[in-house]
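User: I am new to this structure. Please walk me through its pocket and its helix packing.

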Amino acid sequence: MFDPDEATAVLLADLAALGTPARAVAEKAYLKSDLDFLGVTVPVLRKTVTAATRARPAPTRPELLAWIEVLWSRRLHESRFAAIELLRIRLRVLTRADLPLIERLIREAAGWVYVDMLAEKVAGPLMGRAPADFGTADAWAGDADFWLRRSALLALLPGIRAGAPDAVRFDRYADSMLEEKEFFVRKAIGWVLREISRRDPAYVIAWTEAHRSRMSGVTFREAVRRLPEADAARLRAG
């Protein structure tokens, strides 16, 4: 029988042997986090989590969710990162019924390194299976928690990268958030525009021209970053 506490203990013991005190101190300071850190690099952390999943029979959905809950409960950066990595690796066993869990983790994460992974790598693909599930993102876009508002925007990225951008939804979200003072929301709007510009620069040029007077500096800089230089220069001059 799968034991999530035992699986967590084994995984964290493996990770503890792979970290360095110097990196732990530096990463904690960089992320301005009140969690503890082992100092494990992201590539090593991901490789170790993958190995841990292969070392035992694939967990069922209830087992996976129990394992994630135990990992998330630890006040340890690597443990929380591992929980999100498990969600990403085993995304196929998740269902729309797990979206409230993803929302709770985003609320509790309150930090970009966790929120961005949850939004882009878990929530976005999960909601993308059925367009109606983006009603969750619609609710997030109007939530009082700015991390959820950021997540609503970032959940659109998988569709954009797959060549199927939801321009109507992006326009609605971004227009409602464009004059926000919160940096992480402003940055997210620009990030999404930057990703759209890789395939459809004309859309981003037109959108930026129409909204330039309301765009913050960080949103604008991200929006024009990948545009043809002549177009970016014209927008900057304007």
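User: Which helices each supply at least two residues of the lining of the largest pocket?

Analyst: First, the ground rules. This is a predicted model, where local features need pLDDT of at least 70 and side-chain atom pairs count only at pLDDT 80 or more, while totals for chains, interfaces and linings use all residues. Residues are numbered from 1 along each chain as its sequence is written, and side-chain values use heavy atoms, with hydrogens and water left out. Helices are DSSP runs (H or I, at least four residues), numbered from the N terminus. The two here are α6 (99-109) and α7 (112-127). The largest share, three residues, comes from α7.

User: How is a pocket found, and what volume does the largest pocket have?

Analyst: Rolling a probe the size of a water molecule over the atoms shows where empty space is left. A pocket is an open set of points on a 1 Å grid over the protein atoms alone, where a 1.4 Å probe fits, with protein on both sides within 12 Å along at least five of seven lines; lining residues have an atom within 4 Å of a point. A volume is the space filled by probe spheres set on the points. Here it is about 180 Å³.

User: Which residues lie nearest the centre of the largest pocket?

Analyst: S33, A109, A110, G111 and Y114 do, out of 14 lining residues. By class, the lining has seven nonpolar, two polar and five charged residues. Ala, Val, Leu, Ile, Met, Phe, Trp, Tyr, Cys and Pro count as nonpolar, Asp, Glu, Lys and Arg as charged, and the others, Gly among them, as polar.

User: At what angle do α6 and α7 pack?

Analyst: Axes are lines fitted to C-alpha atoms over the stretch in contact, and angles run from 0 to 180 degrees between N-to-C directions. Under 35 degrees counts as roughly parallel, over 145 as roughly antiparallel, 65 to 115 as roughly perpendicular and the rest as oblique. For α6 and α7 the angle is about 165 degrees, with axes 10 Å apart. The two helices are therefore roughly antiparallel. Contact means heavy atoms within 4.5 Å. L99, I102, L105, I106 and A109 of α6 meet Y114, V115, L118, V122, A123, L126 and M127 of α7. These contact residues divide into 12 nonpolar, no polar and no charged.

User: How do α7 and α9 pack?

Analyst: Helix α9 covers residues 146-154, and its axis lies 8 Å from that of α7, at an angle of about 40 degrees. That makes α7 oblique to α9. W112, V115, D116, A119 and E120 in α7 meet W147, R150, S151 and L154 in α9.

User: What angle do α9 and α12 make?

Analyst: The axes of α9 and helix α12 (residues 183-197) cross at roughly 0 degrees and come within 9 Å. That makes α9 roughly parallel to α12.
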